[in-house]
Amino acid sequence: MKNKKIMTFGFTSVALSISLLFSSTLFAKDSLTKKESTEVSRLEALSKFTKVLGIVQKYDVDKVTLEELIDKALKGMMENLDAHSNYLTQKDYKRLQVQTNGEFGGLGITVGMKEGALTVISPIDGTPAAKAGLKAGDIILKINDKSTLSMTIDEAVSLMRGKVGAPIDLTIVRKGESKPLSVHIVRAIIKIESVHSKMVGNNILYIRIASFDKKVVKGVTEAIKKKRAVTKGIILDLRNNPGGLLDQAVGTVDLFVNNGIIVSQKGRRKVETKEYSAHASKTITDVPMVVLVNGGSASASEIVSGALQDHKRAVLVGEKTFGKGSVQVVLPITKTEAIKLTIARYYLPSGRTIQAVGVTPDIKVLPGELKTYKNEFAIKEADLKKHLQKELEKVDGKKSTTKEDKKDKKDIITPKMLNKDLQLKEGVDIIKALIITKG
């Protein structure tokens with residue numbers, strides 16, 4: 001009986017081994033079939049593409065060369081992937097290199113596609129576009145006499161760039177306006193001061209970042225260290241900041257956050273999937289913070305504001321950001337041509353995406369001006385005490401000049417300036433409350 005059990009078990013083991021071997025063979029066969037099927041599908045797709053090229057070249061009403069058809073096909077393929085991917089012809093690639101390495105005449109705006117329309121992401125501080133009154137969210141209908149309908153971002157940028165001093169007219173649609181507006185701008189060399197700072201009162205440091213160029217982390221660090229002794233709160237203004245370099249965005253957050261993920265980048269391939277973390281050794285301040293954002297805050301500025309929000313490090317004030325959270329790279333395909341391809345998306349520390357969603361502020365504040373009214377008839381005890389002093393000043397013909405009057409005001413944001421910027425004023429009020437709470 002015992003031997004029978006052993007024989008039965010042995011038979012079962014052999015049967016199981018044969019079964020597994022047979023299954024493995026079938027699995028290998030299935031895998032091979034799938035691989036062959038994929039290759040067949042690939043060849044069929046290429047054959048279809050070649051056939052269409054031949055038909056168009058033979059029967060199209062206009063004579064078109066094979067090279068022209070290939071360029072059009074590549075352009076159409078890249079544009080249909082997403083709003084930021086495109087095929088760069090020799091002319092486009094050269095223009096991109098000029099943009100990256102040299103000076104050019106432009107308007108000073110960053111544009112993007114939003115719901116199929118060419119939209120101003122933000123005008124850059126101090127540029128012709130900002131001086132002409134262009135605003136984040138403006139939709140560009142025409143560039144001179146050319147409609148932007150079905151126009152790519154690169155085509156639009158190409159038309160807006162030109163010789164320094166050359167004029168250009170944009171037709172725009174603006175929220176709240178009943179009809180399109182015409183904006184006349186004269187091109188200039190675009191020079192950007194990426195970081196500047198001022199004081200609000202005696203203890204609040206205001207830092208404005210216009211764009212994330214290669215000097216931002218250094219500029220912000222210097223601004224903080226210069227006023228470290230008196231600073232009890234910081235306002236970081238990222239409104240109308242179109243973004244820039246990822247390493248500068250990560251470095252900026254690292255100045256304020258001790259540890260944890262700042263942003264993650266996820267793509268199809270392992271090489272495009274990365275995480276960027278904060279380091280305690282790089283953190284230089286822990287004072288309360290407010291970050292100002294709006295619809296012109298995009299890309300790198302969304303990474304900074306979103307990371308600081310997720311880490312509970314700052315209060316976000318303003319309006320919802322633009323929503324560009326994708327990563328593009330330029331990949332050369334010949335010596336003179338390239339493609340710009342979206343290879344990954346950014347994700348904030350909490351895991352939420354920026355792409356097409358943006359960052360929602362903690363406290364929504366629309367742009368505007370605070371209207372104030374002064375009661376000319378109100379008299380306080382202090383006014384009565386100074387009555388004689390005021391009379392003497394009238395006799396003397398002028399007020400005595402104090403050291404405070406002589407003080408240079410260019411690095412100070414005055415109460416009058418605050419009243420003209422409702423979002424900034426709200427940010428200052430919140431910082432004051434946080435300072436009091438922190439003690």
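In which strand is Ala-338 found? The first legend below answers this for the predicted model.

**View 1**
Ala-338 is found in strand β18. With a relative accessibility of 0%, Ala-338 counts as buried, because buried here means under 20%. Leaving out residues up to four places away in sequence, Ala-338 touches Tyr-87, Leu-88, Tyr-93, Val-330, Leu-331, Pro-332 and Ile-333. Look also for Gln-90: its C-alpha atom and that of Ala-338 are separated by 8.0 Å, although the two residues are 248 apart along the chain.

**View 1. Helix α8 and the elements packed against it.**
Helix α8 spans residues 300-310 and is mostly covered, with ten of its eleven residues buried. Those buried residues are Ala-300, Ser-301, Glu-302, Ile-303, Val-304, Ser-305, Gly-306, Ala-307, Leu-308 and Gln-309. What do the buried residues of α8 pack against? Their partners are the helix α7 (246-254) and the strands β12 (233-237), β13 (261-267), β15 (289-293), β16 (315-318) and β18 (338-347). Across the protein of 439 residues, 35% count as buried.

Most residues other than glycine have a negative phi. Ser-299 is not a glycine, yet its phi is positive, at about 55°. This serine sits in the loop between β15 and α8. Just after α8, Lys-312 takes a positive phi of about 55°, and Lys-312 is not a glycine either. The loop that holds Lys-312 runs between α8 and β16. Are these two residues buried or exposed? Ser-299 counts as buried, because its relative accessibility of 12% falls under the 20% limit. Lys-312 counts as exposed, because its relative accessibility of 74% is over 50%.

Thr-148 has its place in the loop between β6 (146-147) and α5 (153-160). Its relative accessible area is 10%, so Thr-148 is buried by the under-20% rule. Setting aside neighbours within four places in sequence, the contacts of Thr-148 are Leu-118, Ile-140, Leu-141, Lys-142 and Ile-143.

**View 2. The second largest pocket and its lining.**
How many residues line the second largest pocket? The lining has 44 residues, and Ala-136, Asn-240, Asn-294, Glu-319 and Pro-367 lie nearest the centre of the pocket. The volume of the second largest pocket is about 1500 Å³. Several strands and helices each supply at least two residues of this lining: β4 (117-123), β10 (195-200), β11 (204-209), α12 (415-419) and α13 (422-438). By residue type, the lining divides into 16 nonpolar, twelve polar and 16 charged residues.

**View 3. Lys-266 over the ring of Tyr-347.**
Here the charged end of Lys-266 sits over the ring of Tyr-347. The distance from that charged end to the ring centre is 4.9 Å. If you are looking for aromatic pairs, the count comes to zero, because a pair needs ring centres within 6.5 Å.

Methods
Residues are numbered from 1 along each chain as its sequence is written. This is a predicted model: local features need pLDDT of at least 70, side-chain atom pairs count only at pLDDT 80 or more; totals for chains, interfaces and linings use all residues. Side-chain values use heavy atoms; hydrogens and water are left out. On a 1 Å grid over the protein atoms alone, a cavity is a set of points where a 1.4 Å probe fits but cannot get out, and a pocket is an open set with protein on both sides within 12 Å along at least five of seven lines; lining residues have an atom within 4 Å of a point. Grid points are joined across faces, edges and corners, and a volume is the space filled by probe spheres set on the points. Helices (H or I, at least four residues) and strands (E, at least two) are DSSP runs, numbered from the N terminus. Ala, Val, Leu, Ile, Met, Phe, Trp, Tyr, Cys and Pro count as nonpolar, Asp, Glu, Lys and Arg as charged, and the others, Gly among them, as polar. Rings of Phe, Tyr and Trp (its six-membered ring) pair if their centres lie within 6.5 Å; planes under 30 degrees apart count as stacked, over 60 as edge-to-face and the rest as tilted. A charge sits over a ring if NZ of Lys or CZ of Arg is within 6 Å of the ring centre and within 35 degrees of the ring normal. Buried means under 20% relative accessible area, exposed over 50%, partly exposed in between (1.4 Å probe, protein chains only). Contact means heavy atoms within 4.5 Å.
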